[in-house]
Structures are given as C-alpha cells and as structure tokens.
Amino acid sequence: MKKSLLVIPVFFILSVALAQIPTPDAYRKAQSELAAKNYWEAIPLFKQFIDPKEYGNLANYAAFHLAEAALGANQPGQAIEALEPVVNGNWAKSDEARYLLAVAYFQNQQNIEALQLIKKIKDDKLMVMAENATYEHLKQVSSSFMIANLSEFKDNRGYGQALKRLLESQSILSATERAAYYELQGKSNERSNVVKDQVLDIVVILPFTNSARTSLTSISQNDFIYELYQGLEYGVEQLQLSGVQVNMLTFDSKRDVSHLQKLLNDPAISKADIIVGPIYPEESDVVSSFAETAKIPFVHPLSNLGERFEELNYSYLFRPSVSSIADGIVASLKNQNWGKEVAIGYSSSSRDEMLAKMLQDKLGSAGFRLVKFEQVTSRNSSEFLQDLGIRSGEGVMSVDQIILLSDDPSIAQPVFSLMESITASIPTLVMDSWLGFNFANYEMLEFPNFYFIGNNTLNFYGDPMKKFRNKFYDKYLILPSINSALGVELITWISSNMSDSKGFDLRRNLDQNAFQTGKLTWGFNFQGVHNNQYVPVFKLEAGELKPLD
C-alpha cells in the first residue's frame, strides 16, 4: 500500500469549473488564498457562498473548497460541517466530496463513518486515494477495532494492509488475530485445496548460533542442540533408506526473535508439512503463532512447558506437559497404596516449580497429605531427607513416599549417596533423567526404592534401542546421547502419523489411537491433546525398566 502524505491534491482546486459567469470577486479572492495556503483567510471567504438557495451550484463548490481550507488549518470539524449537506448531492464533484469528507472523518477520529463513506466512491482513481488514506489513518489503531470490522470493510485494500501491518508487528497473536491474518493472506482454503505430493516435508528451526556463538563451527558435539539435530538428521536418513519420501530443511534461528520473524517469510517454511523447533520460549511463541496462522503443525521437541498449546490447534509438545506428568504421578501413587503421607522436593527450574505446585493441588484432591513441600538445592537436598527421618541410626519416618523433581545431577548425587549409605527403603520418585547419571548404580542398592517418572523415557533394553545404538556408533563413532535418541524418535513419531498412506492430517491421525507404541521410547498418547499424556512411573527389576502396575 502506497504511503502518501495526506494533503489535498492541487488538481481539486484547479479542476473546478464554475457554472456561473462571472465569478464573484470575493470567491476569486477565496480561491487565491486557498492556493497560497492561507487557510484561515480562505475559510470565512468561502463561507459567504455556501447557501444553495442564494448561490445554487456554486454553493457546492464553495463548501468543497471550504472543507479543503478547513483541513489545511487542521479543523476537520468545520470540514465535516461544510461537506455533509452536499456530499450526496447530484453534482459533478460528488465523488471528490466523498473522498474529502472521508479524510475529514478520519482526522476527526470518526473511522466508521469514513470507511462507510469510502464504500460509496465509484471513481477508481479516487478509490485508490481513499485506500491510501485508510492505510495511513488506521495503521496505528487497535487490532481489536480492525478485526471487529474486518468483514464489513475487507474490500478496502488499505484497511487490509493496515491490519496486516498491525498483526505483523506483534510477536504473539490470539486465535482471533491469527484467523484474521490468515484471511488477509488469502490462504484460508489454500492448503486444503492444494493436491499434496507424496513427500513428507519437515522444517527444523534450531538456535545453532547466538550472540556469543556466531559460527556453526564453534558448536560443541556435546551441545544439546547439536545432539538433537544429529538425531533428527539420522532419523531422516533412516527413513530415506527404508524408501520413505522425506525431505528436511534446517534453519538457524540465531536465538534472535527479529531474525526468526524474517525467517518465517521463507516460502519453504510455509510449504512445510510440519515444523520442529525452536527451543527457547520467546522463539517457540513466535513459531507457534506462525503455525496457527499458516495451519502447519509445530512441535516443540524437548520442553514440558506448553499448557497454552492445549488451547491451540497446531502447536504440540513432543514430551508430556506438566499437567500430564502430574496426572501420571498421582495415578501411580493411587495404584501402589504406599500410604497417604507425601513429601515433595523441587528444584528452582520453571518446570519443577510448576509441577510441584500442580502436584500439591492434585494430590490433595486425591486424598494425600503433604507433610513437606520445599525447594531443594545441592546444599540442602540431604537435609530435606534427614528431616523426614531418613538418616543413620534409629529414626521414625514421617512420610510414606517422597517425590523429588529435578534433572540436576548436583541435587541427585547427595540424595543417592544418602540413600545408599543408610540402605533406605522408602519409595522415592525421581525424574527419569536420573537413569543417565553415571554416579548412580541402582542395582547396588539393598532396596530398589527408586522409581522413575516417565518423560518420553527411552526403552534402554529393547532390541530397537540396541540396534540403534550400534548403527549410530558405526556412523558417528560415538554412542548416542539421550537428546540424539529423542531426535530419532521424534522423526519416527512424525512419519508414523504423517505419510502418503495415512494422510498428512496430524491431528486426525493422532486421534485415531489412544496409545501408540514407540520405537526407542515406551510410547505415546496424544488422543485429544497436544502433548504426550502417556506418563508411566517405572521400576527397576532385575536391571530392567518396567512400568509400575
């Protein structure tokens, strides 16, 4: 949309031919003052000639020029007063009068009146000018006003461009804003009408570089972003070797929201069947908003924080949400009947704090009693347990089960050491990340009292995992990390639910099964939700993980 300054075109003044001859001298004087931009001098001179009973058709032109002078003097109210009586009259310049009155309405904050009047303009050149004026005046108004009136004024291109500009300036869009933006792009039915090819197109967006790490070559092979990407890449290669037509395009978000927003204009992204990543909250919010607008599924590969995704249509967590984890823990405790007294220790991470609070509410509703609810650190984690009676010598336990919410090895190590040294038997639920800590040998404990909360837990002892581990090592000469394994499993999960045979409607295919067996993990349940709600609690039995009954 052309951005023009809102000045009254000179041709309006020069093109007006008067029917009466001779023209009154005072009228000529008024015209001269207007041409010289002496607006305040011109206004009273034109006012002498706006009575149609006395001056006939000349009154229409006098009102028109009076409005021009009033707008030049920043007096839109006077312009409106002059033009409203003549705007619908049957005279040669009625369309020009409508345009001028619409500008006056805009300047007087009467946006609805201006937009309704513009719809009556018939001249194509004047309509272009009116659309430019619409854009200039509405590009700063609230998006709520624009969206509320979109259906009535969407044929005004200036209106659409102004709303599009407003929405593109926002990093997060509401559902209503997304729908409006999508409508403005003219893509409401585009994806559903396009014949889909047989290729599964995956777009990966990850923060490979950032302000501190500006080169791709500086990424450590131990970096979790690199590990995840390596798994995604390996998974795609295995699909291709098995004959699946799949293509993966990768983009660097640079952990820069401005860069990411520009990146999303790439046509390749808008043609994707699914988007994986990015990682960090501010980035994932941008891509989630884009995905909802473009109607392309977006999957966050690692986070548990995404309760808001349940209110959306195209945004998913690959892992369980905090709510699903809490539900899984409560269900397991109810089934075990270890008792009603519970202690919860949690780290300072956002997920653990949120999960602890949710467990506090859900356990209370399920009839459990919290005897201790405390944030734990590497310094106080042993004291947390000792205060519950878990200490050397005789002591009275004040709790039936303990829940420790942390992925931090510096918290886990003193906890494990204490449990090992006093041969404690109290059931202790920890996150499944504790299975990967190299200081913890659970098979050496006298009592198998550790239980592991599922979080897309890997099936370490299954044959597919053993084969994957060997093939991955043959290719990269290193054993796969947990992040690499999750990357492979994510690709497998995508291809199981989006294919030429099943179709590319992810939501429909997920809803068809309550449970899907994983290849490297224990499985998934996305039925009716946007996260993996399959959250078993595992026990170690004869050195192997098994879900609790």
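**Reading the sheet and the spaces**

Mentor: Let us keep in mind throughout that this is a predicted model. By class, the lining of the second largest pocket comprises 9 nonpolar, 10 polar and 6 charged residues.

Trainee: How is such a space found, and about how much space lies in the second largest pocket?

Mentor: The general idea is that rolling a probe the size of a water molecule over the atoms shows where empty space is left. Here the second largest pocket holds about 650 Å³ of space, and of the 25 residues that line this pocket, Ile279, His300, Leu302, Ser303 and Asn304 lie nearest its centre. Two or more residues of that lining come from each of the elements α18 (281–294), α20 (350–365) and α24 (482–497).

Trainee: How many cavities of 30 Å³ or more does the structure hold, and which residues line the largest cavity?

Mentor: There is 1 cavity of 30 Å³ or more, and the space in the largest cavity comes to about 40 Å³. Its lining includes Gly454, Asn455, Asn456 and Thr457, together with Thr521, Trp522 and Gly523, and also Asn532, Tyr534, Pro536 and Phe538. Sorted by class, the residues of this lining are 4 nonpolar and 7 polar, with no charged residue.

Trainee: Turning to the sheet, in what order do the strands lie?

Mentor: In general, strands of a sheet pair through backbone hydrogen bonds, either parallel or antiparallel. In this structure 5 strands make an open sheet, ordered β2-β1-β3-β4-β5, with parallel pairing. Because β2 (246–252) and β5 (315–317) stand at the edges with a single partner strand each, one side of each is left without a neighbour in the sheet. From one strand to the next, the twist averages 25 degrees.

Trainee: Over how many bridges do β1 and β2 pair, and which helix lies across β1, β2 and β3?

Mentor: Strand β1 (residues 200–206) pairs with β2 in the parallel sense over 7 bridges, and within this pairing Ile205 has Phe251 of β2 as its bridge partner. Helix α15 (residues 224–241) lies across β1, β2 and β3 (274–276), and runs at about 160 degrees to β2. Helix α24 also packs on the sheet, where α24 touches β1, β3 and β4 (298–300), its direction making about 145 degrees with that of β1.

Trainee: Finally, is Leu71 buried or exposed?

Mentor: Leu71, which has its place in helix α5 (residues 57–72), counts as buried because its relative accessibility is 9%, and the cut-off for buried is under 20%.

Definitions and conventions:
Residues are numbered from 1 along each chain as its sequence is written. This is a predicted model: local features need pLDDT of at least 70, side-chain atom pairs count only at pLDDT 80 or more; totals for chains, interfaces and linings use all residues. Side-chain values use heavy atoms; hydrogens and water are left out. On a 1 Å grid over the protein atoms alone, a cavity is a set of points where a 1.4 Å probe fits but cannot get out, and a pocket is an open set with protein on both sides within 12 Å along at least five of seven lines; lining residues have an atom within 4 Å of a point. Grid points are joined across faces, edges and corners, and a volume is the space filled by probe spheres set on the points. Helices (H or I, at least four residues) and strands (E, at least two) are DSSP runs, numbered from the N terminus. Ala, Val, Leu, Ile, Met, Phe, Trp, Tyr, Cys and Pro count as nonpolar, Asp, Glu, Lys and Arg as charged, and the others, Gly among them, as polar. Buried means under 20% relative accessible area, exposed over 50%, partly exposed in between (1.4 Å probe, protein chains only). Two strands pair if DSSP finds at least two bridges between them. Axes are lines fitted to C-alpha atoms, for helices over the stretch in contact, and angles run from 0 to 180 degrees between N-to-C directions. Contact means heavy atoms within 4.5 Å.
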